[in-house]
Amino acid sequence: MKPHEDTEKLKKLADETSSSPDLRGKNEQVIARFLKADFDPRGEARARVLSAVKTGGNRRTARTGRWLAAACASCLLLALGVWHHGRDGAMPPVPPDCYSYYNFPSTGDDAIQFADDTPPDWLADYQFPSATGGK
Amino acid sequence: MDFDALYAEYFDRIHAYLCCRVGEDAQDVAAQVFRKALAKAEQYDSARGNVSQWLFGIARNEANYHLRISLLRRMIPLDLLHDSIPSREKPVCDTLADEQEKKELLAALETLSSRERDIVTLKFYSMLNNREIAEISGLSESNVGTILHRAMGRLRQALTGGGHETA
């Protein structure tokens, strides 16, 4: 029996979904359109589904299993990525106080010494040109 | 329970409900519903509800499960899974006689939330009353009535271009 064959059911549905008599007619129109829509006009779906049920193949379970396996594999790859990134991001093997503010040379003589290991010799005579051209 | 009689009586309604819920995968899900019904026929207890309630309960659970898996499928678009859907299968809703009618109905359903679509299509195709739908869906009877009322307003707006109720 097709759903739209039962007009009594249509009227009952319209009654149950209408809170006022004004809307009953419009609701009946809406419901009738849904009930008249034949989703399997040639009966192909009916035959195909019955065949699938009788043969007993559980395709969805197999598909779901594959999806779950893929999801697990994705999670595993993500976890490996996070773990590997954590290892790469570890601190270099240097004494930790090298990064402390007070130990870090800034602009003083010790900074120059730290940078190129050249002794500060700013007061040497040859670095101070005299009025006679440095001689 | 005679499975062939059950199938003959309920297939169209279950299939229509699933077309509205899951679209092109309705045949797959319908097959799963009737497989479960066949396998668990001896577990059916008439004291807990009528056959329609039992069968649409299975259909609703299967549709919800399918929608959750589909969401996961969209989040993980892996090529290795493409062969799981045979290309010979055409979208089931394309077999509707009136293409324009199909588009309008499905577009109207798109204006509803997932819960509204579930409840309103259950109402249309299961022929259950609000109390029985409440038992299937786990909602209260008054909540089902409210959802139906709101959903019908949106469907009227989408399909007849008006009909908003004045409170």
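The questions and answers below work through parts of a predicted model with chains A and B.

Q: Which elements make up chain A, in order from the N terminus on?
A: Chain A contains five helices and zero strands, and of its 135 residues, buried ones make up 13%. Read from the N terminus on, its elements therefore follow the order given by the helix and strand assignment, and that order is α-α-α-α-α.

Q: Is Ser18(A) buried or exposed?
A: Ser18(A) sits in the loop between α1 and α2 of chain A, where, leaving aside neighbours within four places in sequence, Ser18(A) is in contact with Leu23(A), Arg24(A) and Asn27(A). A residue needs 20 or more other C-beta atoms within 10 Å to count as buried. Because Ser18(A) has 20 other C-beta atoms within 10 Å, the residue is buried.

Q: How far apart in space are Ser18(A) and Glu28(A), C-alpha to C-alpha?
A: Along the sequence, Ser18(A) and Glu28(A) are ten residues apart. In space, the separation of Ser18(A) and Glu28(A) from C-alpha to C-alpha is 9.0 Å.

Q: What word describes how α1(A) lies to α2(A)?
A: Two packed helices are described by the angle between their axes and the distance between the axes. The axes of α1(A) and α2(A) come within 9 Å and cross at roughly 130°, and the contact includes Leu10(A) and Leu13(A) of α1(A) and Ile31(A) and Leu35(A) of α2(A). The crossing of α1(A) and α2(A) is right-handed. Angles over 145 degrees would count as roughly antiparallel and those from 65 to 115 as roughly perpendicular, so with this angle α1(A) is, relative to α2(A), oblique.

Q: How many of the 14 residues of α2(B) are buried?
A: Helix α2 of chain B covers residues 26–39, and its 14 residues should span 20 Å at 1.5 Å a residue, which agrees with end C-alpha atoms that are 20 Å apart. Among the buried residues of α2(B) are Ala26(B), Val29(B), Ala30(B), Val33(B) and Phe34(B). The helix is largely enclosed by the rest of the structure, because the number of its 14 residues that are buried is eleven.

Q: Which residue just after α5(B) takes a positive phi?
A: Helix α5 of chain B, residues 114–126, reaches 17 Å from its first C-alpha to its last, close to the 18 Å expected at 1.5 Å a residue. Its buried residues include Ile119(B), Leu122(B) and Phe124(B), and what covers the buried residues of α5(B) includes α1 and α2 of chain A together with α1, α3, α6 and α7 of chain B. Just after α5(B), a positive phi of about 60° is taken by Met127(B).

Q: How many other C-beta atoms lie within 10 Å of Ile136(B)?
A: Ile136(B) lies in helix α6 of chain B, residues 130–137, and touches Gln53(B), Phe56(B), Gly57(B) and Arg60(B), not counting residues up to four places away in sequence. The C-alpha atoms of Ile136(B) and Phe56(B) are separated by 8.0 Å, though these residues are 80 residues apart along the chain. Ile136(B) is buried, and the number of other C-beta atoms within 10 Å is 23.

Methods:
Residues numbered from 1 in each chain as written. Chains lettered and ligands numbered in written order. Predicted model: local features only at pLDDT ≥ 70, side-chain atom pairs only at ≥ 80, totals over all residues. Helix = DSSP H or I, 4+ residues; strand = E, 2+ residues; numbered from the N terminus. Buried ≥ 20, exposed ≤ 12 C-beta atoms within 10 Å, placed from the backbone. Contact = placed C-beta atoms within 7 Å. Expected span 1.5 Å × (residues − 1). Axes fitted to C-alpha atoms, helices over the stretch in contact; angles between N-to-C directions. Parallel < 35°, antiparallel > 145°, perpendicular 65-115°, else oblique. Left-handed = near helix turned anticlockwise from the far one by under 90°.
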